Amino acid sequence: MLSRTADHLFWMARYTERAENTARMLDVNVQTSMLPQSDEENAQGWRAMLGISELQSAFDRKYDSLEARAVIDFMVRDPDNPSSIVACLTEARENARAVRGTLTTEVWEIQNQTWLDMQKRLDSDLLENDPSKFFEWVKFRSHLSRGVTVGTMLRDEAVHFIRLGTFLERADNTARILDVKFHGGGAESTGETMTQRDFYYWGALLRSVSGFEIYRKVYRDVITPARIAELLMLRGDMPRSLLACMDEVVHNLREVRNDVSADTERFAGKLRAELQFGKIDDILATGLHDTLTGFLADIYQLGNRVSRDFLVPLAA
């Protein structure tokens, strides 16, 4: 496969997944902002989300005050924010259009219709009146895109590069969602004793990664932050966990390997092994924030390695 084609497929998938995960982070903040708390605590949650997304400086340059409505507008439709949902879905469509001949008709139509429907929804007052409904729509369109891709495309290199982009992006975003809640704007308790506010707080976090029912099925007990961290980091059977994402990354790298990708495969395999054989008690003792920060740095490096080995060379 031509590297240019692989690049478009890879980034089409990453931008689609990034839009979904931005919607997930925004939705959990909207839900937790409804809990009883001071204005400073509320602002701290939004500030932490901007910080972990590395967008605090860009937001401060454009907005005078940190308010929920301003953050939502910035993260959803601000044209100057390359990570906004509008920017991500637009880039996903443009990358899909560039390789339309490689995609099935159904995959292209999903990308194109998502972009068209997004314009209609933003022209309405849905985002202002019911932001959670808008975020659910973004998540649904991402689910639809993945389902149609798996259900209609030949299982060749094109699909492997799409899946590679999806799971690299998902690993990055799961780590960010965890870190923003544990480090930047966490609930009052991180131990075994949970207040009612903590329960709703962590419940909202689990729902943001479609993990509430899974948590109940796996642990059959009260929600605790340590178990949430274990579920979202070390459980290979949890679809959005770091380990599950790295399982997919390693598998798809193996399917597209070339003469220069051995070091990248080893790097990804080492990252997966650390999760596969890790214990949550050791991670918490070392420091969850430091562990997640290190993981994010490794995922960034892995993305650069994939670009170097398979895609269009990075600009100097």
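Trainee: How many cavities of 30 Å³ or more does a search of the whole structure find?

Mentor: Good place to start! This is a predicted model, in which local features need pLDDT of at least 70, side-chain atom pairs count only at pLDDT 80 or more, and totals for chains, interfaces and linings use all residues. Residues are numbered from 1 along each chain as its sequence is written, and side-chain values use heavy atoms, leaving out hydrogens and water. With a cavity taken as a set of points on a 1 Å grid over the protein atoms alone where a 1.4 Å probe fits but cannot get out, the number of cavities of 30 Å³ or more is two.

Trainee: Which helix gives the most to the lining of the largest cavity?

Mentor: That cavity holds about 110 Å³, a volume being the space filled by probe spheres set on grid points joined across faces, edges and corners. Its lining (residues with an atom within 4 Å of a point) has 13 members, with Ala13, Ser145, Arg146, Ile162 and Thr166 nearest the centre. Helices here are DSSP runs (H or I, at least four residues) numbered from the N terminus, and α1, α8 (131-152) and α9 each supply at least two lining residues. With five residues, the one that gives the most is α8.

Trainee: With which residue does the Arg24 side chain make a polar contact of 3.2 Å?

Mentor: Arg24 sits in helix α1 (residues 3-32) and is buried, at a relative accessible area of 1%. Leaving out residues up to four places away in sequence, Arg24 touches Lys139, His143, Ile177, Arg207, Ser208, Val209, Ser210 and Arg240, contact meaning heavy atoms within 4.5 Å. A polar contact needs a pair of N or O atoms within 3.5 Å; within protein, one must be able to donate a hydrogen and the other to accept it, and residues adjacent in sequence count only if both atoms are side-chain atoms. The side-chain partner at 3.2 Å is Ser210.

Notes
Buried means under 20% relative accessible area, exposed over 50%, partly exposed in between (1.4 Å probe, protein chains only). On a 1 Å grid over the protein atoms alone, a cavity is a set of points where a 1.4 Å probe fits but cannot get out, and a pocket is an open set with protein on both sides within 12 Å along at least five of seven lines; lining residues have an atom within 4 Å of a point.
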